[in-house]
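I am opening a notebook on a structure that is new to me. These entries record what I looked up, in order.

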Amino acid sequence: MASGKFITFEGIDGAGKSTHIAFVADLLRSRGLTVVTTREPGGTELGESLRAMVLHQKMHLETEALLMFAGRREHLAQVIEPALARGDWVISDRFTDATFAYQGGGRHLSLDKLNALEQWVHPHLQPDLTLLFDVPLEVARARLDAERTLDKFEQEKADFFAATRAEYLRRAAQFPQRFRVIDSTRAIADIQQEIAQLLDAV
Ligand SMILES: Nc1ncnc2c1ncn2[C@@H]1O[C@H](COP(=O)(O)OP(=O)(O)OP(=O)(O)O)[C@@H](O)[C@H]1O
Ligand SMILES: Cc1cn([C@H]2C[C@H](O)[C@@H](COP(=O)(O)O)O2)c(=O)[nH]c1=O
């Protein structure tokens, strides 16, 4: 059986990552691949319940990080690992890089603690490809303000998003073999052309 691949989409809120999920899934399906699309927080019944809590309730930053990893453990067990074992391709709207960026970068939680949680929850699994949609904070903020009621994270101030974006870019530099940084200020069609080329190389 052809082996499935694990692709993650990352970026600060409003960067534009979710806009491209269906495009990538359709493109891969047109190549005869079986594709599972999913998201974090979420992806399972338990994960969606946790999502409602972490996006809308105030809590200690360590509680927040632990809930992200608790939901991820369930997501891996119920969705991601079985799909990859079947040879399916998995596209997840966010994964562990988001915890490093938001809880580590944005909230300044110790990266050592996050590394320990990552080692516990998925010691042997990393995405095959991580698309990091990168935009200046003002662009992301303008996109969010134009379209919806903001959740707990989206209401954070500019310095939170500056630190979150910086941690994403730091990780992209740390793991260049799996990260591809996409300039998400460009037109959607131009971005999708670049993504299609990147997928040819996976
Ligand atoms: N390249 C682009 N140019 C202009 N507008 C865009 C672009 N990409 C996305 N948008 C618009 O920006 C808004 C936010 O996009 P999207 O929901 O994909 O962002 P996101 O990064 O997934 O945000 P979140 O993580 O908060 O869900 C949407 O209205 C979308 O249509
Ligand atoms: C996985 C994960 C997510 N977050 C934050 C990032 C976003 O603000 C929300 C999810 O919203 P989206 O519109 O679906 O992208 O949750 C986080 O802080 N830590 C994480 O591990």
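**Entry 1: R107.** Is R107 buried or exposed? I looked up its relative accessibility, keeping in mind that this is a predicted model. The value is 18%. Buried means under 20%, so R107 counts as buried.

I then looked for a partner. R107 forms a salt bridge with E64, and the closest N and O atoms are 2.7 Å apart. I checked where the two sit. R107 is in the loop between α4 and α5 (111-121), while E64 belongs to helix α3 (residues 61-86). The pair therefore ties together parts that are 43 residues apart in sequence. E64 is buried too, at 1% relative accessibility.

**Entry 2: other salt bridges.** The structure holds 18 salt bridges. I picked out two more.

- R39 and E48 meet through their side chains at 2.7 Å, N to O. R39 is partly exposed at 34%, and E48 is partly exposed at 30%.
- E194 and R186 form a salt bridge with their closest N and O atoms 2.4 Å apart. E194 is partly exposed at 23%, and R186 is partly exposed at 29%.

I also found a network. Salt bridges with shared partners join E64, R107, K152 and E156.

**Entry 3: the core.** Which residues touch the most other members of the largest nonpolar core? They are I12 and Y102, in a core of 37 residues. A second, separate core has 16 residues, including A65, F100, L114 and L117.

I followed Y102. Setting aside neighbours within four places in sequence, I found Y102 in contact with residues including G11, I12, D13, R94 and R107. Y102 is buried, at 5% relative accessibility.

**Entry 4: rings.** I searched the whole structure for aromatic pairs and found 6. Y102 and F153 make an edge-to-face pair, 5.8 Å centre to centre with 85° between the planes. Y102 lies in helix α4 (residues 96-106), and F153 lies in the loop between α6 (137-147) and α7 (158-174). This pair therefore ties together parts 51 residues apart in sequence. F153 is buried, with a relative accessible area of 6%. Ring pairs link Y102, F153, F160, F161 and Y168 into a cluster.

**Entry 5: charges over rings.** I noted two cases. The charged end of R171 sits over the ring of F100, 3.8 Å from its centre. R72 lies over the face of F69, at 4.7 Å from the ring centre.

Terms used: Residues are numbered from 1 along each chain as its sequence is written. Chains are lettered from A and ligands numbered from 1 in the order in which they are written. This is a predicted model: local features need pLDDT of at least 70, side-chain atom pairs count only at pLDDT 80 or more; totals for chains, interfaces and linings use all residues. Side-chain values use heavy atoms; hydrogens and water are left out. A nonpolar core is a set of buried Ala, Val, Leu, Ile, Met, Phe, Trp, Tyr and Cys residues joined through side-chain atoms within 4.5 Å. Buried means under 20% relative accessible area, exposed over 50%, partly exposed in between (1.4 Å probe, protein chains only). Contact means heavy atoms within 4.5 Å. Rings of Phe, Tyr and Trp (its six-membered ring) pair if their centres lie within 6.5 Å; planes under 30 degrees apart count as stacked, over 60 as edge-to-face and the rest as tilted. Helices (H or I, at least four residues) and strands (E, at least two) are DSSP runs, numbered from the N terminus. A charge sits over a ring if NZ of Lys or CZ of Arg is within 6 Å of the ring centre and within 35 degrees of the ring normal. A salt bridge is a side-chain nitrogen of Lys or Arg within 4 Å of a carboxyl oxygen of Asp or Glu.
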